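Look through the sequence and the fold, then work down the list.

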Amino acid sequence: MEKIPVIYWSGTGNTKLMAEAVAEGIGAAAVLKSVGDMTAEQAAGYSALALGCSAMGAEVLEEYEFEPFFTALEPLLQGKKVVIFGSYGWGGSYMNDWEQRVKAAGAELAAPGLLVLGAPDEAAVASCRELGAALTKA
């Protein structure tokens, strides 16, 4: 069974909780990794990826770890199956921009990006599990 990494950045722990639920939805194939524990080149070695990052500042991906990681990964996403997720405190418009970047890189979004306002409640955790399961379907 090919492994599927769930790579995330979390400032408050909300996106980490989401990542854990996405990994549950993927099942035994999931490999949970903080973004600092995997390089873009390592991530590119997988055919499917779950990527999670919370909104920062003016509705952007976290700028010191996740954005540089994703920028390096973008040219390597061609043909990969991807899901993206994250938490936010206001707005949430960053997800639309992120989806467009994933698509422009030639990846297939297995499901629309998943946004959660603040900490995930039971319904949001269930949505995260569904997102992970969507990544495992052919």
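Predicted model: local features only at pLDDT ≥ 70, side-chain atom pairs only at ≥ 80, totals over all residues.

Q: How many disulfides does the count come to?
A: The sulfur cut-off within 2.5 Å decides the count. By this rule, the number of disulfides is 0.

Q: Is Cys 53 buried or exposed?
A: Buried means under 20% relative accessible area, exposed over 50%, and partly exposed in between (1.4 Å probe, protein chains only). The relative accessible area of Cys 53 is 0%. Cys 53 is therefore buried.

Q: Is Cys 128 buried or exposed?
A: The relative accessible area of Cys 128 is 0%. That is why Cys 128 counts as buried.

Q: Where is the place of Ser 54?
A: Helices (H or I, at least four residues) and strands (E, at least two) are DSSP runs, numbered from the N terminus. Ser 54 sits in the loop between strand E3 (48-53) and strand E4 (55-56).

Q: Is Ser 54 buried or exposed?
A: The relative accessibility of Ser 54 is 8%. So Ser 54 counts as buried.

Q: Which residues is Ser 54 in contact with, leaving aside its neighbours within four places in sequence?
A: Contact means heavy atoms within 4.5 Å. With those neighbours left aside, the partners of Ser 54 are Trp 9, Gly 11, Thr 15, Val 60, Leu 61, Glu 62, Ser 87 and Tyr 94.

Q: How many helices and strands does the protein chain have?
A: From the N terminus on, the elements run β-α-β-α-β-β-β-α-β-α-β-β-α. The protein chain has 5 helices and 8 strands.

Q: What is the radius of gyration of the protein chain?
A: The radius is taken over C-alpha atoms, and the globule rule is 2.2 Å times the number of residues to the power 0.38. For 138 residues that rule gives 14 Å. The chain comes close to this, so it is as compact as a globular protein of that length, with a radius of gyration of 13 Å.

How values were computed: Residues numbered from 1 in each chain as written. Heavy atoms only, no water.
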